[in-house]
Number of protein chains: 2
Amino acid sequence: MTKTPLPQELIRKKRDGRELSDDELRFWVAGVTDGSLPDYQVAAMLMAIYWRGLGDRELATWADAMLHSGDVLDLSSIERPKVDKHSTGGVGDKISIPLAPAVAACGVAVPMVSGRGLGHTGGTLDKLESIPGFDVRLEVPRFTELVRDLGVCLIGQTDRIAPADRRLYALRDVTGTVESIPLIASSIMSKKLAEGIDGLVLDCKVGRGAFMKNRGDARALGAAIQAIGRAAGKRVTVMITAMDAPIGTTIGNALEVRESVAVLRGEGPADTRELTVALGGEMLAVAGLCSTDEGRKRIASVLDDGSALDIFRKLVEAQGGDPRVADDPAAVLPAARHREPITAPRDGFVETIFADEAGIAALILGAGRRRKEDDVDPAVGVELAVAVGDEVRKGQPLAFLCHNETGVDAARERLAGAFQISEHAPGRSRILEVLQ
Amino acid sequence: MTKTPLPQELIRKKRDGRELSDDELRFWVAGVTDGSLPDYQVAAMLMAIYWRGLGDRELATWADAMLHSGDVLDLSSIERPKVDKHSTGGVGDKISIPLAPAVAACGVAVPMVSGRGLGHTGGTLDKLESIPGFDVRLEVPRFTELVRDLGVCLIGQTDRIAPADRRLYALRDVTGTVESIPLIASSIMSKKLAEGIDGLVLDCKVGRGAFMKNRGDARALGAAIQAIGRAAGKRVTVMITAMDAPIGTTIGNALEVRESVAVLRGEGPADTRELTVALGGEMLAVAGLCSTDEGRKRIASVLDDGSALDIFRKLVEAQGGDPRVADDPAAVLPAARHREPITAPRDGFVETIFADEAGIAALILGAGRRRKEDDVDPAVGVELAVAVGDEVRKGQPLAFLCHNETGVDAARERLAGAFQISEHAPGRSRILEVLQ
């Protein structure tokens with residue numbers, strides 16, 4: 001670059017729908033990272049990108065610059081293929097917990113860096129931390145060691161991974177620029193590619209309880225993620241899955257760990273297991289181990305034969321948690337002091353369970369965060385007693401509020417409003433489509 | 001308003017093309033004024049407004065909230081109709097200087113609050129300050145007194161007029177959100193309506209040397225200005241005038257005062273006089289004094305009979321300047337030490353004189369500001385020796401650089417590039433259309 005561009009000229013360029021050059025994009029992300037660009041110029045650019053989007057080349061460069069704004073893990077010493085899964089966030093989405101050990105049990109390394117919950121969607125880190133002693137803040141050498149020796153480790157994002165994304169995300173949150181496909185895609189990929197992975201499976205949630213409300217947006221996000229992956233030379237499979245009703249039967253941190261352990265024992269709700277098997281099958285395929293069909297069979301097998309559970313037990317122990325959680329979760333996990341039923345107002349079928357309303361009910365009880373700095377109560381949450389399609393009788397429990405006397409009235413109202421009971425209700429798979 | 005809106009929700013609303021309510025708009029402008037809204041949220045909202053625009057009701061409310069963000073002058077003690085003129089900015093645009101005294105001489109009060117020059121366009125305050133002693137920083141009581149007694153006073157904007165506009169303008173300047181019709185219109189009108197006027201004539205410049213590059217944008221700006229005026233119960237006439245070639249024969253502060261005095265003596269370049277007469281005619285019509293045609297005649301008459309010059313002389317004296325400028329400008333005004341010709345490279349006709357290039361030449365010599373904090377040299381500038389349509393011979397002077405040995409080489413090159421000499425060139429009026 002021969003001369004330093006004027007920031008407002010770059011904003012105007014994007015504002016007018018013209019493409020930014022690679023140098024200009026890298027100048028911008030560098031200015032975001034080192035703080036030389038003020039918040040107000042970054043905010044204006046974010047709104048211009050929200051409006052005009054980023055072309056494939058722009059998107060790839062933007063994401064690459066964000067990725068290289070911080071540390072990129074070097075896992076090249078690990079010979080196994082390294083594949084991760086990312087979910088765009090759902091209600092009751094505990095899939096990473098059974099999935100990562102199951103995939104590791106099949107011979108693929110899973111270096112998983114996860115996030116915390118915000119709003120009505122939960123976060124894997126909060127769920128893991130409900131296991132007494134479990135430490136998600138391991139240093140990189142220990143993380144690398146566990147991924148090498150055990151095939152899996154689950155930690156939180158460090159300050160040194162994609163710092164540009166942290167600043168951009170904080171600004172997007174307060175400037176109405178969160179819901180932008182290229183900004184979401186580059187945010188996800190800059191963090192995931194910093195893990196040093198060979199491939200990724202993206203679980204792109206769509207529906208009332210998800211960030212993406214319609215199939216078209218979900219497909220567009222998947223395409224953007226894949227474009228970034230292609231440009232980075234990584235294999236990326238996108239699975240679009242329904243997020244209208246909560247996943248499985250539990251919402252809340254310790255409750256979801258309990259459900260995860262059930263899946264790792266070859267049990268658990270059908271949909272939680274189905275998603276685990278399907279996403280695991282794609283991960284094995286992305287790793288180049290086998291076909292997706294064969295991959296699904298292998299995942300089902302390691303869930304059923306105890307080898308996934310065995311890895312999970314070792315993982316919990318290696319990360320400082322109480323390994324007995326794998327065998328007797330009820331003895332180890334915190335439990336709420338009260339368990340109060342929500343009952344069916346009339347006879348009928350469960351037509352739907354609004355995931356967002358159920359998620360907010362759990363949030364109100366203390367299972368989630370309204371703001372980043374809030375604490376969570378690991379014990380509280382919602383247990384569903386019925387699934388979509390079930391026939392119910394008036395007065396029969398639909399769900400239970402597991403609470404510690406916080407937010408009970410508001411949560412009860414929310415949760416009751418989450419159930420739609422009608423004459424007839426069709427069941428269907430959560431998996432809508434797969435983009436390979 | 002029952003509850004405080006979340007700023008990012010208002011940004012999202014505008015971003016999605018939905019209308020903001022009056023309460024929401026007033027909440028926003030109040031937050032801009034008192035600083036409770038951070039720069040980054042204001043910047044994002046400005047880009048969203050740039051994108052989605054403001055409807056007529058939104059625009060009127062936004063401008064009214066900006067107007068009331070500071071002091072509004074109360075000139076109700078002055079019985080004469082109070083009318084001002086505003087120009088969107090041009091090169092060589094000294095019209096306010098002959099116009100304001102001429103209109104006052106016809107019985108209309110002109111409480112004129114002007115700005116300083118920035119970039120290639122000049123500002124009335126800088127021009128007036130080239131008159132030794134002239135003070136543009138009068139207090140409001142003195143300003144009001146002069147408007148009452150003399151019919152005219154010319155001052156600069158105080159910190160207490162439309163403070164919301166000052167903050168918004170500074171942010172727009174660095175976030176690529178300057179060129180937005182509703183933001184420009186509300187910026188102009190919030191300041192003008194704070195003068196306590198009954199009506200306004202807007203000289204909306206269009207062309208290479210102007211902010212508005214095409215007629216459609218100029219019309220849209222005029223319509224937005226009129227919508228705000230209507231909502232505020234004020235009469236507003238918009239005149240769209242060509243700003244391709246510089247106005248008159250001088251660019252530079254003292255040089256333009258000299259030309260203004262010539263117009264006030266019934267002399268001066270034809271186009272400077274034409275604009276003065278035409279804008280003055282509209283001002284008298286807006287004041288309800290007479291028709292535009294009759295108004296033009298009256299303005300021409302006070303220019304020719306010395307009564308406008310007489311008001312000007314008194315105005316200069318009342319504002320602390322040397323009143324001899326009205327009779328012998330050369331004796332009073334500062335002059336550049338050097339006067340260097342730019343000559344015609346070949347025979348032909350002056351097809352055009354690019355106003356922006358000529359304005360930049362004067363700027364380079366020190367007549368204008370690159371940045372707000374720059375000083376100006378009142379003596380330097382450009383004198384045109386020919387007008388558009390004139391026939392010229394090779395070697396004949398086209399213009400003179402009046403300089404004090406600063407920026408001469410760069411200015412010479414710019415100014416030479418401003419002239420297009422061709423086989424044939426049509427003359428035309430600067431006045432393109434009038435929106436009443």
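Colleague: Great, thanks. Leaving aside its neighbours within four places in sequence, which residues is Ile197(A) in contact with?

Modeller: Ile197(A) is in contact with Lys82(A), Val83(A), Asp84(A), Pro111(A), Lys192(A) and Lys234(A), leaving aside neighbours within four places in sequence. Contact here means heavy atoms within 4.5 Å.

Colleague: How should I read the numbering, and what kind of model is this?

Modeller: Residues are numbered from 1 along each chain as its sequence is written, with chains lettered from A and ligands numbered from 1 in the order in which they are written. This is a predicted model, where local features need pLDDT of at least 70, side-chain atom pairs count only at pLDDT 80 or more, totals for chains, interfaces and linings use all residues, and side-chain values use heavy atoms, with hydrogens and water left out.

Colleague: Back to Ile197(A): is it buried or exposed?

Modeller: Ile197(A) counts as buried because its relative accessibility is 1%. Buried means under 20% relative accessible area, exposed over 50%, and partly exposed in between (1.4 Å probe, protein chains only).

Colleague: And where in chain A is Ile197(A) found?

Modeller: Ile197(A) sits in the loop between helix 9 (181–193) and strand 4 (199–206) of chain A. Helices (H or I, at least four residues) and strands (E, at least two) are DSSP runs, numbered from the N terminus.

Colleague: Switching topic, how many disulfides does a search of the whole structure find?

Modeller: The search finds zero disulfides over all chains; a disulfide would be a pair of cysteine sulfur atoms within 2.5 Å. For Cys106(A), the nearest cysteine sulfur is that of Cys290(A), 7.7 Å away. In chain B, Cys106(B) is in no disulfide either, and the sulfur of Cys290(B) is 7.7 Å away.

Colleague: Why does Cys106(A) count as buried?

Modeller: Cys106(A) counts as buried because it has 14% relative accessibility.

Colleague: What about the largest nonpolar core: which residues have the most contacts inside it?

Modeller: Those are Trp62(A) and Trp62(B), in a core of 106 residues. A nonpolar core is a set of buried Ala, Val, Leu, Ile, Met, Phe, Trp, Tyr and Cys residues joined through side-chain atoms within 4.5 Å. Helix 3 (residues 39–52) of chain A gives the most to this core, with 10 residues.

Colleague: Which residues is Trp62(A) in contact with?

Modeller: Beyond neighbours within four places in sequence, the contacts of Trp62(A) include Leu25(A), Trp28(A), Ile49(A) and Leu183(A).
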